[in-house]
Amino acid sequence: MSQANQNVTPIRTSINGKNKPSRQHTRATKALKRQGMAAVGVGIVAATLTALSLNHLASGIELVTGQPGWQAWAMAVGVDVGFIALELAQIMASHERVRRQVGKFARPAIAGTLMGSAVLNAFAFANVATGWMVYAAAALGVAVPALIYAATRVGTALYIDCHTRG
């Protein structure tokens, strides 16, 4: 051992051979876990609303077009799951160039499918309502796709942030 190293005392980084995390690290880890759980909760809400929307959307398509149930359901899945998939594609694009390319097509498609979903959901909700309740039912129908969109954006952002920092 050289003369210079004889006077150096190593810094103790562990207790009993185990690294003890700092208090700040523990808090950050717990905060990320809470954020991850919030993302899961938002995702469950979005999935529940999507199931409701698919049912109402398929009913609305059947009422408007007179098509068989399986065709109405196929169209409903294409509309609602389509706008969710397009939104996720935009959010998860890894490079800004790809995000711009995807967004050029995704944004108008999302806007169109959101409007179509809102109208057909409102139609299905209002179909059995009477009197002034028609307006409340239509408002609920419009709210469902809007909530799915918001939950998709929020849940995905929480999840991505949680897993890029964790």
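Which residues make a nonpolar surface patch of about 280 Å²? In this predicted model, the patch comes from L63, V64 and F123. One of these, F123, sits in helix α3, which spans residues 96–126. F123 counts as partly exposed because its relative accessibility comes to 38%, a value between the 20% and 50% cut-offs.

Across the chain, pLDDT averages 86, and 85% of the residues reach at least 70. Helix α2 (residues 69–92) gets the highest confidence, with a mean of 92, while helix α1 (residues 23–65) gets the lowest, at 89.

Now for the interior. Nonpolar side chains tend to be buried together in soluble globular proteins. Here, the largest nonpolar core has eleven residues: L49, F83, I84, A106, I110, L114, F125, A126, A137, V144 and I148. Helices α2, α3 and α4 (133–165) each bring at least two residues to this core, and α3 gives the most, with five.

Setting aside neighbours within four places in sequence, I148 is in contact with A46, L49, T50, S53, F83 and I84.

Technical notes. Residues are numbered from 1 along each chain as its sequence is written. This is a predicted model: local features need pLDDT of at least 70, side-chain atom pairs count only at pLDDT 80 or more; totals for chains, interfaces and linings use all residues. Side-chain values use heavy atoms; hydrogens and water are left out. Patches are made of residues with over 30% relative accessible area and no salt bridge: like charges are joined within 9 Å, nonpolar side chains (Val, Leu, Ile, Met, Phe, Trp, Tyr) within 5 Å. Accessible areas come from the Shrake-Rupley method with a 1.4 Å probe; for residues, only the protein chains shown count as cover. A salt bridge is a side-chain nitrogen of Lys or Arg within 4 Å of a carboxyl oxygen of Asp or Glu. Helices (H or I, at least four residues) and strands (E, at least two) are DSSP runs, numbered from the N terminus. Buried means under 20% relative accessible area, exposed over 50%, partly exposed in between (1.4 Å probe, protein chains only). pLDDT is the predictor's confidence in each residue, from 0 to 100. A nonpolar core is a set of buried Ala, Val, Leu, Ile, Met, Phe, Trp, Tyr and Cys residues joined through side-chain atoms within 4.5 Å. Contact means heavy atoms within 4.5 Å.
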